[in-house]
Amino acid sequence: MSDGRPAANLGKDLVGLEPLSGDQILTILDTAEPFKEISERQIKKVPVLRGQTIVNLFFEPSTRTRISFEFAEKRLSADTVNVSATGSSVEKGETLVDTARNLEAMRIDMVVMRHGAAGAAQFLGDRISSNVINAGDGQHEHPTQALLDLLTLRDEFGGLDDLRVCIVGDILHSRVARSNIWGLLRVGADVAVCGPQTLIPRGLEELGVKVFPHIETAIEWCEALYVLRLQLERMNAGFVPSLQEYNRVYGVTSERLDRSDDEIPILHPGPMNRGVEIDSDVADGPHSLILPQVTNGVAVRMAVLYLLSGGEPEKADAAKEGEA
Amino acid sequence: MDREDVEVRLDALADDILEAGGHQDLVLVGIRRRGVQLANRLADIVREKTGRQVPTGSLDITLYRDDFAQIGPRPLIGSTELPSEISDHRVVIVDDVLYTGRTVRAALDEIADFGRPRRIELCVLVDRGGRELPIQPDYVGRAVEVESGRQVAVSVPEIDDDLAVHTVPEEPEE
Amino acid sequence: MRPTLIRGGRLLDPSRSLDEAGDLLIEDGKIASVGGRITGPDGAEEVDASDLVVAPAFIDLHVHFREPGEEHKETIRTGAAAAAAGGFAEVWAMPNTDPPVDNPAAVGFVRAEGERARRSRVEPIGAASREQAGEQMTEVGELVSAGAVGISDDGRPIENSRLMRRLLEYTQAFGIPVIQHAEDTELSGHGVMNEGVVSTALGLEGIPNASEAAMVARDLLLAELTGGHLHVCHVSTRQSVELIRRAKEEGVPVTAEVTPHHLALTEEAVRDYRTEAKMHPPLRTEEDRAAVREGLAEGVLDLIATDHAPHHYEEKEREFDDAPFGIVGLETALGVGVESLVRTGVLTLSELVDRMACAPARAMDLPGGTLRRGAPADVVLFDPNESWTVDPSSFESKAANTPFAGDELTGRVHRTIVDGRTRYRAEPDDRDAN
């Protein structure tokens, strides 16, 4: 587990992995370990967040992230309220500032927010005293997704240091890619990206990320391959000429993977476009970590909720010392 | 208490536990951290006496504490590992020191989330009094009076390189 | 009008390479006498200028006063007051109001409202195209007759190359510049900040340098082709500076401006999604900042203009993508200039005054921007060493959207005289505040 590493506090909000240290990220992964076991129990619930109120504020549609957070919250015994943009006051033109003020007035303990604008989570976190967890803000970050990915990789490889991970696809528009890049860099992994140049944002090399223009060389280099969803609208916006061509040039196929000497585990944040960025036999194949990712999602989110919640974290260590 | 005293007490506790209910459906569950080592020691003694290994488990009650809202989260949670079947068994909770009773209360809650034992009992090496809940031990190694400003510290070899019980100056209140 | 005698200041007039202690006498709205010890006429108001610089008042060729249409952000009156407080005698107001200033009546309104404000002179810039739609040329002659001093579609670029060519040709008869916000909006897309490592980290859509430079390159070719006076707004990129440098070497009739914020800040100011640092063109990289500083020092970029762009606080208090572009600049221009250019050794104080007062007058052939005898008495008195903390709540401007809020700046305006009349005077309390 902790390898004697001192546990690191996370602060009030989880906005992204960029501002976190490697120790903070590993603390979250370590804390997720015991939470995995809770989901295996007969009664999948611990009372630790009893009486705490959590609002899941989703300004963008989401199924799996919202459900995963909801499971995590309920298994920690929190009271949860789901608010989606459809039919809410948001559609009536309420600003995010007013939404924040209203949440504050209702004495919410934590807010899990997904929003279409980059920076929205930080914006909210800076304006309310409740804890804010970013469940995806525009193209900025999706930290809990990357944390569950890191946990899945650590489960698979035993460690993350020096692990060579390549992220394939639409890096430019992907908050998942950004959070994974930061997370992997922070814990000492080697990170590369691969995709058409139109979908690679500028400045990645400055961050220490390798860029592979060809999927074949990426597969040769990496120990694990992280495949991103290619959205249909990217074709309409002229980033790629067609989905068929994308599949031919960048699709992760068993034929391409078979050319590698090693067996390369495959991750995908879902939902998948089978036959576009990933072929079905890869997605359903023996090296797919896609379902373990989903399982780990609940444990990681429990860990994040647990670590951010409660009283004053700095007292925690003192309490541990004082215990007879 | 030095090592010899503690070993004598543990032997006597094992006798008491066996005498009260035998070993047939016995499960020894230690509370992290030092209760786990004591439970394992008791299991070893029971095996010497009966020739049978009784199942043991460990409980981390962090997530069941009643002072979470005051002290906040503790990042390092130990794992809870219980034998696959505790329902209809006789579970003996083992801890090093019994004081306020709040830890035992949390342990009872946690065990209930794993199943419904036939009976739950409590075994402690040291009872120092000062209960804040209506909880009493079934098996006590030694009851002690502790002067105000001091607290009981149990050492086990796996953690502290010693097997002993001392009183030490109290840690400041939270 | 009562004569004014300014006593004992440091007379600093880059237009005449003047930098010496002495007095300045103003009579009938003109500079009557400069330098030495002056015996004032009877009844003259004496102003003690000891420890202060006495210089030609500043001229800002690029401000947005939002009236008509968006008076909640700024009005011509509050804008003119902010200009006077910043040491400006004259400001050129962009026409992108609602409706835009694309007809003689609107030009007349801006001019008249500016006169009523009795602060800095407000000179209207007319729209280049009707409704600023970028298609049909406005009645440039009529606009000039009504008082327009230039034409621009600022807020947007003039993208249509044929229209730009015609404008550069047609305006020559009226002696006014075509003032261009240079941007290829297709390249900018929905960008909200500079494209680079910071936009990548923040997950915000970027605007590449080429978006500005490509349009600058086209405009320079058209200016060369036509011989019309092109004035390039708010240059922000290294590439644009290089293009303008080459064009000037070849004698292309171009002038160019740079804002205090592009001279002072980089894209790093956007981190934490600070909407106060969201502007068009965006704050660029360290390399670009060095290039515009160098360009200004060398005279490739002629002058400093603030692009004063007030917004209501609620409009900036929101998600970065949805916040409007622009910051206010009139009341911080001198302080930011001293802090980021003089104290860093990029410009001397005299050069800074030149870029803020003399160079705009040279570029647009204006009578101000000098302390020459007989010139309009546009004079600023400022303390170049006084430090002060930017408190937007004390601005004369209605708006407070500045990335310099809370910063300590050096160089503070004490008095602004426009056409011989004192139009701004710092509260004595303010002077003691720090």
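Predicted model: local features only at pLDDT ≥ 70, side-chain atom pairs only at ≥ 80, totals over all residues.
Local features are reported at pLDDT of at least 70 and side-chain atom pairs at pLDDT 80 or more, whereas totals for chains, interfaces and linings use all residues. Residues are numbered from 1 along each chain as its sequence is written, with chains lettered from A and ligands numbered from 1 in the order in which they are written.

Chain B contains 5 helices and 7 strands, assigned as DSSP runs (H or I, at least four residues, for helices; E, at least two, for strands) and numbered from the N terminus. Their order from the N terminus is α-β-α-β-α-β-α-β-β-β-α-β. The C-alpha trace spans about 45 × 35 × 30 Å along its principal axes. The radius of gyration of chain B is 16 Å, in agreement with the value near 16 Å for a compact globule of 174 residues; this quantity is taken over C-alpha atoms, and the globule rule is 2.2 Å times the number of residues to the power 0.38. Of the 174 residues, 44% are buried (20 or more other C-beta atoms within 10 Å of the residue's own, with C-beta atoms placed from the backbone).

In chain A, the axes of helix H2 (residues 64-75) and helix H12 (residues 290-308) come within 8 Å and cross at roughly 55°. Axes are lines fitted to C-alpha atoms over the stretch in contact, with angles from 0 to 180 degrees between N-to-C directions. H2(A) and H12(A) are therefore oblique to each other, the class left after angles under 35 degrees (roughly parallel), over 145 (roughly antiparallel) and 65 to 115 (roughly perpendicular).

Conventions
Buried ≥ 20, exposed ≤ 12 C-beta atoms within 10 Å, placed from the backbone.
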